Amino acid sequence: MEQVKISFMKMDSRAKLPVYGTEYSAGADLSACMEMPVTIHAGTTEFIHTGIAVAIPRGLVGLIYARSGLACKQGLAPANKVGVIDSDYRGEIIVALHNHSAEDLVVEPGQRVAQMVIAPYIYAEYEENYSLDETDRGDGGFGSTGNR
């Protein structure tokens, strides 16, 4: 398992640095940083501050995912499904948390609201072509491979 140092800065004294739940966790938990609880009404989204900024090294990205227990048991998950923290972003990490449940839910100060996975990425060079190579699948999509 490769380790890399990631620099974080607390933008608020109440902020908690990301923390891994276990030795082999892929994602580090991000916690809500706010004075008062925030109610997320059913079917709505609220921006939850973490009070931290990060300096992710070039060639890596921070991917913000739902915490499985919070998403499956309560219905709270990032509105954009997966948030992307680019290596040149230096602002506060804010989680757009959506309430998928039928009831209003409360996020408490210090509550773990999402998890961040640090991952490498490939920076592609896109070039326009007038045709693409042929494959057996062709342009079949949206479940087309399940019919085989």
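Which strands each supply at least two residues of the lining of the second largest pocket? Strand E8 (83-85) and strand E9 (92-99) do, and the views below show them in their setting. This is a predicted model, in which local features need pLDDT of at least 70 and side-chain atom pairs count only at pLDDT 80 or more, while totals for chains, interfaces and linings use all residues. Residues are numbered from 1 along each chain as its sequence is written, and side-chain values use heavy atoms, with hydrogens and water left out.

**View 1. The second largest pocket holds about 160 Å³ of space.** A pocket here is an open set of points on a 1 Å grid over the protein atoms alone, where a 1.4 Å probe fits, with protein on both sides within 12 Å along at least five of seven lines; lining residues have an atom within 4 Å of a point. Its volume is the space filled by probe spheres set on the points, which are joined across faces, edges and corners. Of the 13 lining residues, Ile 64, Gly 83, Val 84, Ile 85 and Ile 94 lie nearest the centre. E9 gives the most to this lining, with 5 residues; strands are DSSP runs of E, at least two residues long, numbered from the N terminus. By class, the lining divides into 9 nonpolar, 2 polar and 2 charged residues, where Ala, Val, Leu, Ile, Met, Phe, Trp, Tyr, Cys and Pro count as nonpolar, Asp, Glu, Lys and Arg as charged, and the others, Gly among them, as polar.

**View 2. Strand E6 (residues 60-65) pairs with E11 and with E8.** Look for E11 along 6 antiparallel bridges and for E8 along 3, also antiparallel; two strands pair if DSSP finds at least two bridges between them. Ile 64 has Met 116 of E11 as its bridge partner, and Gly 62 stands opposite Ile 85 in E8. In E6, 5 of the 6 residues are buried, meaning under 20% relative accessible area with a 1.4 Å probe and protein chains only.

**View 3. The largest pocket holds about 650 Å³ of space.** Among its 20 lining residues, Glu 2, Gln 3, Val 4, Tyr 20 and Ile 118 lie nearest the centre. Strand E11 (residues 112-120) provides the largest share of the lining, 4 residues. The lining comprises 14 nonpolar, 3 polar and 3 charged residues.

**View 4. Lys 81 sits in the loop between strand E7 (76-78) and E8.** Its phi is near 70°, a positive value in a residue other than glycine. Most residues other than glycine have a negative phi. Lys 81 is exposed, with a relative accessible area of 53%; exposed means over 50%.
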